[in-house]
Protein chains: 4
Amino acid sequence: MTGNTFGRVFRVTTFGESHGYAVGCVVDGCPAGLSLGEEDINRELRRRRPGGRFASPRKEKDEAKIISGVFEDKTLGTPIAIIIENKDADSRAYEGIKDLARPGHADYTYFAKFGTRDWRGGGRASGRETAARVAGGAIAKKVLEKFGIRIYGYSGEIAGVKAEVDGEIEEIFEKAEKSEIRFPDAEKEEFALERIREAMREGESVGGIVEIVVRGVPAGLGEPVFMKADAYLAYALMSIPAVKGVEFGAGFESARMRGSESNDEMYVEKGQVGFYTNNAGGVLGGITTGQDLIIRLAVKPTPSISKIQKTVNLKTLENEEISVKGRHDPCIVPRAVVVAEAMTALAILDLMMLQGLVPRFL
Amino acid sequence: MTGNTFGRVFRVTTFGESHGYAVGCVVDGCPAGLSLGEEDINRELRRRRPGGRFASPRKEKDEAKIISGVFEDKTLGTPIAIIIENKDADSRAYEGIKDLARPGHADYTYFAKFGTRDWRGGGRASGRETAARVAGGAIAKKVLEKFGIRIYGYSGEIAGVKAEVDGEIEEIFEKAEKSEIRFPDAEKEEFALERIREAMREGESVGGIVEIVVRGVPAGLGEPVFMKADAYLAYALMSIPAVKGVEFGAGFESARMRGSESNDEMYVEKGQVGFYTNNAGGVLGGITTGQDLIIRLAVKPTPSISKIQKTVNLKTLENEEISVKGRHDPCIVPRAVVVAEAMTALAILDLMMLQGLVPRFL
Amino acid sequence: MTGNTFGRVFRVTTFGESHGYAVGCVVDGCPAGLSLGEEDINRELRRRRPGGRFASPRKEKDEAKIISGVFEDKTLGTPIAIIIENKDADSRAYEGIKDLARPGHADYTYFAKFGTRDWRGGGRASGRETAARVAGGAIAKKVLEKFGIRIYGYSGEIAGVKAEVDGEIEEIFEKAEKSEIRFPDAEKEEFALERIREAMREGESVGGIVEIVVRGVPAGLGEPVFMKADAYLAYALMSIPAVKGVEFGAGFESARMRGSESNDEMYVEKGQVGFYTNNAGGVLGGITTGQDLIIRLAVKPTPSISKIQKTVNLKTLENEEISVKGRHDPCIVPRAVVVAEAMTALAILDLMMLQGLVPRFL
Amino acid sequence: MTGNTFGRVFRVTTFGESHGYAVGCVVDGCPAGLSLGEEDINRELRRRRPGGRFASPRKEKDEAKIISGVFEDKTLGTPIAIIIENKDADSRAYEGIKDLARPGHADYTYFAKFGTRDWRGGGRASGRETAARVAGGAIAKKVLEKFGIRIYGYSGEIAGVKAEVDGEIEEIFEKAEKSEIRFPDAEKEEFALERIREAMREGESVGGIVEIVVRGVPAGLGEPVFMKADAYLAYALMSIPAVKGVEFGAGFESARMRGSESNDEMYVEKGQVGFYTNNAGGVLGGITTGQDLIIRLAVKPTPSISKIQKTVNLKTLENEEISVKGRHDPCIVPRAVVVAEAMTALAILDLMMLQGLVPRFL
């Protein structure tokens, strides 16, 4: 587990700056014999791509090019390198503010750490980097599907508007996929959209909550006491830009419950152990229970806003004001959903491989 | 980052079952030349120890024995092995329920993973294991103090009663240390205590929120894009038993903010960059800002309750009922505070060493 | 892979100084359900123990105490901590030379690295530390045996006297085990013994070659391109004190061969691929061929000799002379054999687990 | 330390098959602020490129393209991705033998491990992959030079002809660089060349010895007890294709020495500790002494020979004969020198960064 590599057995190393030649990743540890084409990756990249009316107008064509690790349409078991060229990068909007630290962004901290930074479009700290994660995650998802594991993400809340959902996760997910903001509650969607529009008009942005449900995870996954399944997922998901919190099952609500409410009682039916509830979110003692994993992420509002803010000039060390123009999503929650799915896939597959549950050729 | 080892450069490996001979840890990567005695560790172990009226009556004497890595009262730079004998273990209360899966506990999941388990006192999944983390954390804290970094933890909320705090963190911490439930708000403390007493009377338990503040962390700490400071801390903290969520700064609240509220505006004063607010909780883009780190953890109620619950017999696969007797804290939040401090110390020191900020001899 | 931890999935962390309270290890990642008792470890410790007439008179009782990870005589899948107390440590011989750097020893380099050192008996850099490796290796061997993998080590050469061996490795090994210097050639043994005796008389020491043969390794083990099976074994074996070289199969001889001599030609018999020769030593392109692994290690003469040598005082930085008295083996090759077997076992088991070939419960 | 990633802090992940679109690497952990251009990498790639009359006629243009991590000619501290396109790949020579296992090659073992393989030019197991290592090593060398550390490699022996060298390593290196076989002994060079020519005429190949000297390494580098400097270098160097052995200092010769010959006696001069000899090769107890590192590698003869050999058809499992045509070096030692330098640079820089000796911005 290192800076730009995620995973221990199924490992994804990402690279690339927002306005450099390309972003991309190297996926190491993928089992051999998996059918894999560029379209498998592009399908997920399109889901992440700014699409709706409220998303960034930057037209990221986002076409993945696989440059190694696949031969005659199947994985070789060797590293899969993927390049996604930065075709629509336009750095002009950044030139005027290249020495200013955009509030809520990593400009100041990158500068503090590295003594330098690529100011064009956020450089390495741009959301653009997550395209590479989604590419890696697309491969992980394909492997997981072979084991009956599916990951479903959607916007659980946007700008304070909460989606009311029930029914099977597959249906909820389908509804969300039809919504331009991945909001699975058609009734409430209009309120959420209105708040986004309002924010846009005022040079503002809004945040929300991403919900992830994983179905089909076998019981017994996770390595106590540190590399617990939930701890590792928290690591994976907190690494997504703009995520400020993560919770499992009843999460922060469980802090206000009593033991008998919080505990998930159990039963046996036809020789199978079952649970009456899932406050644990599918993990007990860091090991999966075989129930759905239920995870929620807090996503802060897009830090790039045109509203004027106080900031500093990193070069002159003088106080300044800034209005961030460029092309920015007023709400990144719908796109963060796709990145969260990818990171979840990477973490779960890595845990499975670490535990010896995935053969090295399929 | 593996099952029972935390850290990459400053590494703590813990071992031991609750009712085995001992729990303990091996601390590898500690700089040489640090003054270290058993009392340095015992001091922290006492803070974790069940102490208050509402804590488990198990009298863990918890005396650390250092068996390597220290010579003439100073660390050698070699592994420091620490043993904490399990002197007050009493397995009788577990005998009657040894085949039953206690709801909310890891009994079922350990069994699913390992095909076996030590049923005495929760075995490896017991909170007892955290004594070893606290021992390792005590050493990390000593190193961090040399760099002016201090970690403060307290109960921010218990059983739904929120502590109202303001002022400097040092004072808040001092108040909390005087409270038997680490609650820094003397006025509200009585309400929290009453809820705990009530829960006890009813064979129940309660949860709460742990708050951690870290002062003195330099700007520039953390390795993007995956091993972000906050992602790594989330990993460290979610690995603590009973923790169901973690958030930084405004955390889940930021999901309901607008960009201009959420962003921390900046200024320069006397050549130093400062922030007007700290919604980020001290981390931007995964790298520390130099402000306080602010972290909150959701702790679920103790799963061991005497109230009758439905469960299963793991051997016969029959439905059963269970009342967990033994010796259990009705509220583990105050003790979780100390463990959270330890894990925070381990994560921060490891990030610092990974970044080359700590010499190998002090 | 870190300072005091070997392995990525099956991980052994060793600790302890030669004259401290104990040496020991924590074995993490061992599958659950393995029968394991202290005698399993003690048996291997006795093989390593100074035994022959020519070995160190230090009477290391070397009794392993398992303090975690085993319950009702079976492994739990949790960390197995093992303590071997240092019962016969006698530091008096070191007091007179505590500031002198013994030539050929790590005294100077530990001091350069850590700014301090435990001068008693070599401290952490003592051969004593290898007892902990042998303890960990004993567990790895037990797991490997379940998969039909056996590791055989012997002294291939001592003080320039080469053992002439042929026949099956099991027999060679048995002969070696009967020899007090693990020399499998009874005829030549006397020459080797004479050279050792001669060296002793002259206050000198001698070196030799350890040979390791591993039978039963499946084809397909090893992770190219860096964590090749042979690269990983070289790492494991070069970490043994006094080892100055490692070679596989024809090794350095292959540098003088031609392609047609060096290449191992292949055939098919009854549907099985076979090789006419084994110059590769069982590894091609870093992946095992299914043949025996054949490894040779160069072991330098024991650096502790009573003959007077020039050296320096690390404190006063003055030139001095030294005669190392203490209790030292004039030839450590026979004991290095046992340590080499242990490290081989650790490396192979870790590679197997990394590759998902070992279930997490047996 | 994993399959296709080398290093823990300074990490190089390589990718690419011999006849795929490209080979390349991602270098993560490079300090920010290093001047870096493509020419820095191309210079080393040219050294590795088949150049002499006796090298493979495949014209690898080998031009590195840096696609991330560098901005305005300086490193950003973010991952540096490098692509080297495979421009002169010609798979026709492989078509006729695509199901045959070439003796001495990894064809059979890759097939055993992955159940598939890219048969074109050896796929991932081709020496071509080492171009990516050399690219990563070029960056490591640049960083090391800032700390006064220089790595010198040359052919110490070819086809049994040993170079007789003395004098300063800088001069030896310069002589070797002028030789088309990197042979630093002009007199003996003709004999070595004659043996290569002879081998070529007979459809054969020859091996040799690579020698590496590292000057300027500070005393105190290396992490006992497992990640010793020499153990880690052995891991790095044994991962190079065709290397069958590695030794430090007196290496295998030390097995025949006596203690007083093998030990390097010490002295103090002007307050500096010095050694009279360097049989240890610059490492004691796994930690560097501050002397030159001296390492020797056994390189087997190129396995691709046109001479007819017995082998098997991996598809039909029938016995066959093979004559490997293609374009192959009759002696890869001179090219292995450059790869060995690169791996040495990677290992040393990683150890330095792990130890906190390199700031994260230069």
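What follows is a short chat about contacts between chains.

Modeller: Bear in mind that this is a predicted model, where local features need pLDDT of at least 70, side-chain atom pairs count only at pLDDT 80 or more, and totals for chains, interfaces and linings use all residues. Residues are numbered from 1 along each chain as its sequence is written, chains are lettered from A and ligands numbered from 1 in the order in which they are written, and side-chain values use heavy atoms, with hydrogens and water left out.

Biologist: What makes R360(B) and E223(D) a salt bridge?

Modeller: The rule wants a side-chain nitrogen of Lys or Arg within 4 Å of a carboxyl oxygen of Asp or Glu. The closest N and O atoms of R360(B) and E223(D) are 3.1 Å apart, so the pair qualifies. E223(D) also forms a salt bridge with K113(C), with 3.6 Å between the closest N and O atoms.

Biologist: How do you know how much area chain D and chain C bury?

Modeller: Buried area is the accessible area (1.4 Å probe) that two parts lose on being put together, summed over both. For chain D and chain C that comes to about 8,200 Å², 60% of it from carbon and sulfur atoms. For chain B and chain D the figure is about 660 Å², with 32% on carbon and sulfur.

Biologist: Why are strand β11 of chain C and strand β11 of chain D called paired?

Modeller: Pairing needs at least two bridges found by DSSP, and strands are DSSP runs (E, at least two residues), numbered from the N terminus. These two, residues 243-248 in each chain, have 3 bridges in the antiparallel sense, so they count as paired. G245(C) stands opposite E247(D) there.

Definitions and conventions. Helices (H or I, at least four residues) and strands (E, at least two) are DSSP runs, numbered from the N terminus.
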